[in-house]
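Please find below a note for a colleague new to this structure.

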Amino acid sequence: MKRLLSLLLGIAAICVLLAFSANKLQSTSGDSSAKVLNLYNWGDYIDPALITKFQKETGYHVNVETFDSNEAMFTKIKQGGTSYDLTVPSDYMIEKMRAAHLLKPLDKSRLTGFANLDARFTNQSFDPHNRYSVPYFWGTLGIIYNDQSIKPEEVQHWNDLWQPKFKNKIMLIDSTRDVLGFSLVSMNQSMNTTNPAILKAAQAKLNRLSPNVKAVVADEIKMYMTENEAPLAVDWSGEASEMIANNPHLHYVVPTEGSNLWFDNLVIPKTAKHYKAIYAFLNFMLKPENAAQNAEYIGYATPNKKAKALLPKSIRNDKQFYPSDRTIANLQVYSDLSPHTIGLYNDLYLDFKMNHH
């Protein structure tokens, strides 16, 4: 009986220990006076050296938890459970979070580096006057090509992808809005259209692209392109940056007629508790030297004008990732569409994917 009792006590102790570990984030997040910051971020989306630097400079401990999609992040924040202080949604998701009352407005009087941001990337449609968001990174959707088999002049525009000579040569990023989006732009239509007839026409045009599509994949694009498995791809600028770093024959083009301009942004979810830590971190990340370091590490474009000036010339003058004003003027930011319209986009895209060979 004693042995059984000691065994039961041992099991109980282990359970308590496991529960303590599992709830560590929640317990620290519930105490508004704790010297912590609970950051909910995309995976590998901040230079770890900056977290260390911030902790040393301020004395705040940063707990980082990651998500792999805007939708997963939205669901977790909506459920409440964990008290995250900052998270990093994309443009259209800010509209959705705002409508669901999941965000707290920024106190601009506590921000010291907001003026460092490029005015072209503030006051966007998804958050007028940046009431809720601080731009973190921005980028585009474009065409990646391999100069061993493709000449630059062959792929400057979306419509170039439909050329018969590119049969079975194109990799597409597996993304509903982006794939239907570039088809829409190729027809001089809005990437945010809600018109079913226009969407069906965009899908019909995609179906005519099918012979040229080698595969529709996600992260694997980076491996395929780096290893010369395909000469062409449609993907995001940040992914392109990583590919180019690993294969000097690869190049990235943003068609001048238009494409997607996306933003990831720091916001304060309704679960936030540690306001001193929040504003200390926002101000830390708005410092030009820190934003520049982060941009070099991540490979995405920084919206911080003063940070961009600190980047090596080879990066800041690279038109692949910092396109001309003319190109930027034609870029479109995604809007948060109604569930009905999103359903239509998804159905048309799925149909294209199922029939693309």
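1. In this predicted model, the second largest pocket holds about 320 Å³ of space. Its lining is made up of 15 residues, and those that lie nearest the centre are Ser241, Gly299, Ile315, Asp318 and Phe321. Two or more lining residues come from each of α9, α11 and α13 (313–316). Of these elements, α9 supplies the largest share of the lining of the second largest pocket, namely 4 residues. By class, the lining of this pocket has 9 nonpolar, 3 polar and 3 charged residues.

2. The largest pocket has a volume of about 1,400 Å³. A total of 40 residues line the largest pocket, with Trp42, Asp68, Asn70, Ser90 and Trp236 lying nearest its centre. The elements that contribute two or more residues to this lining are α4 (70–79), α5 (91–99), α6 (176–186), α9 (237–246), β10 (261–269), α11 (288–298) and α15 (339–354).

3. Which element gives the most to the lining of the largest pocket? It is α15, with 4 residues. The lining of the largest pocket divides by class into 16 nonpolar, 10 polar and 14 charged residues. Helices α9 and α11 are among the elements that give two or more residues to the lining of the largest pocket, and both also give two or more to that of the second largest pocket.

4. The model has 1 cavity of 30 Å³ or more. About 120 Å³ of space lies in this largest cavity. It is lined by 14 residues; Pro135, Tyr136, Met285, Ala291 and Thr302 lie nearest the centre of the cavity. Strand β5 (133–146), helix α10 (275–286) and helix α11 each give two or more residues to the lining. The largest share, 4 residues, comes from β5. As to class, the lining of the largest cavity has 11 nonpolar and 3 polar residues, and no charged ones.

5. The remaining points turn to helix packing. Two packed helices are described by the angle between their axes and by the distance between those axes. For α6 and α15, the angle is about 85° and the axes are 9 Å apart. An angle of 65 to 115 degrees counts as roughly perpendicular, and α6 and α15 are therefore roughly perpendicular to each other. On the α6 side, the contact is made by Thr176, Arg177, Val179, Leu180 and Leu184, and on the α15 side by Ile342, Tyr345, Asn346, Tyr349 and Phe352. This contact of α6 with α15 comprises 7 nonpolar, 2 polar and 1 charged residues.

6. Helices α4 and α5 pack at an angle of about 20°, and their axes are 11 Å apart. This angle makes α4 roughly parallel to α5, since angles under 35 degrees count as roughly parallel. The crossing of the two helices α4 and α5 is right-handed. Where they meet, α4 contributes Asn70, Glu71, Met73, Phe74 and Ile77, while α5 contributes Tyr92, Met93, Lys96 and Met97. The contact of α4 with α5 has 6 nonpolar, 1 polar and 2 charged residues. One of its residues, Asn70 of α4, is also listed among the residues that lie nearest the centre of the largest pocket.

7. How do α3 and α11 pack, and at what angle? Helix α3 (residues 48–58) and α11 pack at an angle of about 155°, with 9 Å between their axes. Angles over 145 degrees count as roughly antiparallel, so α3 is roughly antiparallel to α11. The residues of α3 that meet α11 are Pro48, Ala49, Leu50 and Lys53. Their partners in α11 are Glu289, Asn290, Gln293, Asn294 and Tyr297. By class, the contact of α3 with α11 divides into 4 nonpolar, 3 polar and 2 charged residues.

Definitions and conventions. Residues are numbered from 1 along each chain as its sequence is written. This is a predicted model: local features need pLDDT of at least 70, side-chain atom pairs count only at pLDDT 80 or more; totals for chains, interfaces and linings use all residues. Side-chain values use heavy atoms; hydrogens and water are left out. On a 1 Å grid over the protein atoms alone, a cavity is a set of points where a 1.4 Å probe fits but cannot get out, and a pocket is an open set with protein on both sides within 12 Å along at least five of seven lines; lining residues have an atom within 4 Å of a point. Grid points are joined across faces, edges and corners, and a volume is the space filled by probe spheres set on the points. Ala, Val, Leu, Ile, Met, Phe, Trp, Tyr, Cys and Pro count as nonpolar, Asp, Glu, Lys and Arg as charged, and the others, Gly among them, as polar. Axes are lines fitted to C-alpha atoms, for helices over the stretch in contact, and angles run from 0 to 180 degrees between N-to-C directions. Contact means heavy atoms within 4.5 Å. A crossing is left-handed if the near helix is turned anticlockwise from the far one by less than a right angle, and right-handed if clockwise.
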